[in-house]
Amino acid sequence: MSNIAKSSQNLRWMDNQSDKNTIIHRINPVVKLVVSLIYIFTIISFDNYSPERLIPFIFYIFIVSSLAEISLIHLLKLSAVSLPLIIGIGIFNPIFNREVAYYIGSIPISFGMLSFCTLFIKSLMTVISGLLLVATTGINNLGMALRKIGLPKIFAVQIMLTYRYITVFMEEVNTTLTAHSLRANNKGVSYKSYGYLVGNILLRTIDRSQKIYEAMCLRGFHGDYVTGKNPKINKTDIIYLAVWSSLFIFIRYYNLSQIIGNLIIGEF
Amino acid sequence: MHMADALMSPAVGTALWGSSAVAMAYSSKKVQSGLDDNKIPLMGVMGAFVFAAQMINFTIPMTGSSGHIGGGLLLSIILGPYAAFITMASILAIQALFFADGGLLALGANIINLGFFTCFIAYPYIFKPMMKNKFDEKNLFKASLTASIIGLQMGAFAVVIETLISGKTELPFWNFLLLMQPIHLAIGVVEGLVTAAVVTFVWKNRPEIISSSFENNRLSGVSIKSVASMIMIMAILTGGFVSWFASSNPDGLEWSMFKTSGQEELEADGHVYEKSASLQEKTAVLPDYGFKNTEGSNIGTSVSGIIGGGITFVVASALGFGINQYKKKNKTDNKAA
Amino acid sequence: MSHNTIKVVDLHHTYPDKREALRGISFEVQQGESIGLVGANGAGKSTLLQHLVGVLMASSGSIEVGHIPVNKTTLQTIRQKVGLVFQDSDNQLFMNRVYDDVAFGPRNYNIPEDKVDDIVKESLNRMGIEHLAERAPYKLSGGEKKSAAIASVLAMSPDILVMDEPTSGLDPKSRRNLINILGSFEHTKIIATHDMDMVIDLCDRTIILKDGLVAADGPTLEIFSDAKLLEECSLEIPLRMASCPKCSKQSE
């Protein structure tokens, strides 16, 4: 049940973040989506053994999150969801690949360690960039952006409708579970009760959909779900797109960390 | 299991997104050409329902653990395969976007793994045929269980293959397989039981819901031809992208087959490691996909890379911090003014 | 002007499970009238409301709105004339932003977007909720949701407003706010409700339904002071009138 409370809180937080009005929030949603996708794509195109090459990508996250006034700490907390899987699978890397890549002083660094480290960094960066996109864009703009990049309209419509009613249903499930727990004497939901509980909610769901359909028809719905006008692309958007994508591609091919490191070592 | 972006290679991610897009386009056409306008709000609330229902865990007797519904099969039974597929896709999209459960580039893969196999294979070719003879509680139970288990096994297997081809984990194929399949067997059993429980309830209380969707779905069946062509398209896309990436991007791809000679290995940890290492060599699937890559990355200069990386990180965080402070100062200035 | 009248003649409705919800309802409504529709649960109020917007079709009998008969072919016209406000606002607000919900109706009629903007602003203004335009529905209170739902119906510019339990679940302040706003509307209004005090405030005429039939149809105050009639219909004298010396004397 605390699952539900936590999820509602998450959604609410995301919604509040996307209501802000910073320069990042004002960037065209399609542009933001494309930049995020390029970011993720470039990151996962790296090999397994050069975690240091990934570090410069953190510029995007630090700069965008501070310009957009989104708390990085909170994003980190939200991204914790993705970590168990990555750690669960990634932890096998140092176990199965123990060939030494190089030494730092007298400490051997194995390929396995490198690949685990790389996996971890990639995961954190990709997940946070995704959350950053949503926190600066909001559900309505996201739906529009997804349609603009070519996904079927009904898919975008379904995302919007599902999102709209998630909170309503979570509330219903909460109420049902509370009612159950008040009479369940500390036991969980048994298999038998599950059918009744969830089945009842399902029936109410289907009835509700009929009412919503009526509401739509009464306001003129005849099969084509209409939405409003689309925001235009302006100079700022183009600059945003150009700057970030060229930066990502540049960092992809030039090992920035190494260049800087060489400079420093060269100094000494 | 939701695939993460970091576990995929660009090739695999793109290929699966392509396949997903094809399946979604086809399904949208089918849904829109259907007769019922009222499907649209139904799909939406069913999506929200499955989302919320996934938060109800029930206790599995004798194991002390809990399980919850996945949704693909239930959705297919109520909505039909095409609408169910799109609904699953929208649920997965919201999970990826708002809950960091599954990556954005991996969304395509997740839609295939968790949506395609249940809606387009398990439901039409396992569940429906098993229910053809008689629609009663026992049949429902058996069909639901079988369809869920097989659907989830296929999805889990797909995850293993995708991860293998992406090459981001050093986990050998068999080990990963033996990890994934049993877990998803258990999940499949849970899904089957749960779906059966819910559908039985609905069927007993409002049978017209089940029978009407069965009627509709019979008319808009999933033809073997369409499923086969979708699979073929996916295979072509996967093969195409993967080989294109391999040929055009030699640096950093996990295709290198060189094992360095003359490099020391860390001291083996004893019998267990030796045994598993030899077992791994004997049973290695795709033994050519060696992960011990030294050609691609420049190891020798990596120490300077680490130093440079550290400096970069510091600069980046300083920049971010600076922007934060600047904004805060602006706000207090404005307040004071 | 007769284009905002409603004429219901011998309306019958039987549900698929053989339940007879309406067993011969007849009444007429003139333009600008405000009618309270009361009755016990199951008396047929909601069913009747759904007929007025063509969500349900008559088993027998007829309904005319502005001399247009309600049937499958006239639905589009009828629904532009008659707006129904649901009891559960969550079913009526299905977009992710109040603005989009209010704009949904006009957009479906291909009205150009700048005109839509004017209509939305006007409807929100009418309900006093312009500040909620960008809000997500799940963040609204019960009263705000009800106002938003009504605004979304107003955007269709109906001449007749039909409402199903508008004050149910509202706190006293929201309730009073809603009653005041509704009182300022010039639309023809039919309000199905248990809130008898609201009926006194808003409706000069009241129809009582009992078991699918019209049990009474007349001036509100007169009907509400007939204790015997109210009891037969499983209702009670409204609180406000219970301590009124004149009314309680009449019921003795």
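How many of the 6 residues of strand E3 (residues 34-39) of chain C are buried? In this predicted model, the count is 6 of the 6, so E3(C) is largely enclosed by the rest of the structure.

The pairing of E3(C) can be followed strand by strand. With strand E8 (residues 188-192) of chain C, E3(C) runs parallel and is joined by 4 bridges; here C:Ile35 has C:Ile190 as its bridge partner. Strand E9 (residues 205-210) of chain C is also parallel to E3(C), with 5 bridges between them, and C:Gly36 finds its bridge partner in C:Thr206.

Chain C also holds an open sheet of 4 antiparallel strands in the order E2-E1-E4-E5. Strand E2 (20-29) and strand E5 (68-69) each have a single partner strand, so these edge strands are left without a neighbour on one side. E5(C) is joined to strand E4 (residues 60-65) of chain C by 2 bridges in an antiparallel arrangement, where C:Val65 lies opposite C:Ile68.

Turning to the contact between chains, 22 residues of chain A meet 24 residues of chain C. On the chain A side, helix H8 (138-148), helix H9 (153-183) and helix H10 (191-218) each give two or more residues, and H10(A) provides the largest share, with 7 residues. By class, this side of chain A comprises 11 nonpolar, 4 polar and 7 charged residues.

Key: Residues are numbered from 1 along each chain as its sequence is written. Chains are lettered from A and ligands numbered from 1 in the order in which they are written. This is a predicted model: local features need pLDDT of at least 70, side-chain atom pairs count only at pLDDT 80 or more; totals for chains, interfaces and linings use all residues. Two residues are in contact if their C-beta atoms, placed from the backbone, lie within 7 Å. Ala, Val, Leu, Ile, Met, Phe, Trp, Tyr, Cys and Pro count as nonpolar, Asp, Glu, Lys and Arg as charged, and the others, Gly among them, as polar. Two strands pair if DSSP finds at least two bridges between them. A residue is buried if 20 or more other C-beta atoms lie within 10 Å of its own, exposed if 12 or fewer, and partly exposed in between; C-beta atoms are placed from the backbone.
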